[in-house]
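The sequence and structure are shown first.

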Amino acid sequence: MNITILAPGHVKESYFAAGIAEYQKRLGAYCRLNNVELPEVRLPEQPGQKEIEKALEKEALSFAAAMPPRCYTVALCIEGKQLSSAAFSKKLHQIMLGGQSHIVFLIGSSYGLSPALKASCDFRLSFSEMTFPHTMMRLILTEQLYRAFQIAGGGKYHK
């Protein structure tokens, strides 16, 4: 199983980077996880709606260019479906049983993902109605991926 996380910008905080690296190492027993940092579109301090829309469209092109062919795409967005950790594990298992060998998770910038990009994804997932920094979301997603594989394998990590 191949899993790719696509997100704009770099993880600058060392504590997030260390957490992501730890869970990525743990996931090595279950899948090949690839974190891809896409170019971040710079916006002025207080951008207008048109500037935000253009930036999201430009980021969508970067996402599309980075996606491998025939992958299963999951957009992380607030209006997506919320799942428990056990349900997330089951969803991953169903995707794999459906013949998909590559799952790609899309994490947007501080303004999210373009509506067209979200609409083109196979599934929309929400971790909460709350808003999280996109670098923190990378850590949360990586941890939940590890937890999902532990649940599926009957491991002791998930309580």
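Which residue takes a positive phi just after helix 5? That residue is G154, with a phi of about 70°.

The model is predicted: local features need pLDDT of at least 70, side-chain atom pairs count only at pLDDT 80 or more, and totals for chains, interfaces and linings use all residues. Residues are numbered from 1 along each chain as its sequence is written, and side-chain values use heavy atoms, with hydrogens and water left out.

Helices are DSSP runs of H or I with at least four residues, strands are E runs of at least two, and both are numbered from the N terminus. Helix 5 (residues 134–152) has 19 residues, and at 1.5 Å a residue it should span 27 Å, which agrees with the 27 Å between its end C-alpha atoms. The expected span is 1.5 Å times one less than the number of residues. Of the 19 residues, 15 are buried (under 20% relative accessible area, 1.4 Å probe, protein chains only).

On a 1 Å grid over the protein atoms alone, a cavity is a set of points where a 1.4 Å probe fits but cannot get out, and a pocket is an open set with protein on both sides within 12 Å along at least five of seven lines; lining residues have an atom within 4 Å of a point.

| Space | Volume |
|---|---|
| Largest pocket | about 730 Å³ |
| Largest cavity | about 40 Å³ |

Among the 36 residues lining the largest pocket, G108, S109, S110, G112 and F132 are the closest to its centre. Helix 3 (85–97) gives the most to the lining of the largest cavity, with 4 residues.

Terms used
Buried means under 20% relative accessible area, exposed over 50%, partly exposed in between (1.4 Å probe, protein chains only). Grid points are joined across faces, edges and corners, and a volume is the space filled by probe spheres set on the points.
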